[in-house]
Amino acid sequence: MMRIFSLSATILALVIVPAQAQAWGGDSLVPQNEARNAAQSGRTVPFAKISRQLREKFSGQLVDAAMYSQVDGGYHYKVTWMAGDGKRLLVKVDALSGKILHTRGG
């Protein structure tokens, strides 16, 4: 039980940590409390699910992640991912559906 709590806390921390790279045009970094509330209330896909999806698609591991709000009111995650082949990827994922929208790098 403690292991599950620890993993959940780690994943939540990764979601709310500001990303190092620049946002996609016009998007704004979501404040930590808003990102947390959106995930807890079910308005966005939990980042744990996004992380599993990226691990299945690219293998490798998470480097950095943050949630951004879009001009139209939606949300997306911007994720920096180190693929299994060592290539660094920047992945934009729709936070409402979990769909990968765009991938840069590799």
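A contact here means heavy atoms within 4.5 Å. With that in hand, among contacts in the chain between residues at least 6 apart in sequence, 50% join residues at least 24 apart. The model is a predicted one, in which local features need pLDDT of at least 70 and side-chain atom pairs count only at pLDDT 80 or more, while totals for chains, interfaces and linings use all residues. Residues are numbered from 1 along each chain as its sequence is written, and side-chain values use heavy atoms, with hydrogens and water left out.

**Overall layout**

Let us start with the fold. Three helices and five strands make up the secondary structure, and along the sequence they follow the pattern α-β-α-α-β-β-β-β. Both kinds of element are DSSP runs numbered from the N terminus: helices are H or I of at least four residues, strands are E of at least two. Of the 106 residues in the chain, 38% are buried, that is, under 20% relative accessible area with a 1.4 Å probe, protein chains only. The chain exposes about 6200 Å², with carbon and sulfur atoms supplying 54% of it; the areas come from the Shrake-Rupley method with a 1.4 Å probe.

**The sheet**

The five strands form an open sheet in the order S1-S2-S3-S4-S5, with antiparallel pairing. Its edge strands are S1 and S5 (100-105), each of which pairs on one side only. Two strands count as paired if DSSP finds at least two bridges between them.

| Strands | Bridges | Sense |
|---|---|---|
| S1 (residues 28-29) and S2 (residues 61-69) | two bridges | antiparallel |
| S2 and S3 (residues 75-82) | eight bridges | antiparallel |
| S4 (residues 88-94) and S5 | five bridges | antiparallel |

Some opposite partners are handy to look up on the model. Serine 28 faces serine 69 in S2, alanine 65 has valine 79 in S3 as its bridge partner, and valine 91 stands opposite threonine 103 in S5. Helix H3 (residues 47-58) packs on the sheet, touching S2, S3, S4 and S5, and its direction makes about 45 degrees with that of S3; the angle, on a scale from 0 to 180 degrees, is between N-to-C directions of axes fitted to C-alpha atoms. In the S2 and S3 hairpin, five residues lie between the strands, and glycine 73 takes a positive phi near 95 degrees.

**The core**

Which residues have the most contacts inside the largest nonpolar core? They are Tyr77 and Val79, in a core of 19 residues. H3, S2, S3 and S4 each supply at least two residues of this core. Such a core is a set of buried Ala, Val, Leu, Ile, Met, Phe, Trp, Tyr and Cys residues joined through side-chain atoms within 4.5 Å. Leaving aside residues up to four places away in sequence, valine 79 touches Phe47, Leu54, Leu62, Asp64, Ala65, Leu89, Leu90 and Val91.

Notes:
Buried means under 20% relative accessible area, exposed over 50%, partly exposed in between (1.4 Å probe, protein chains only).
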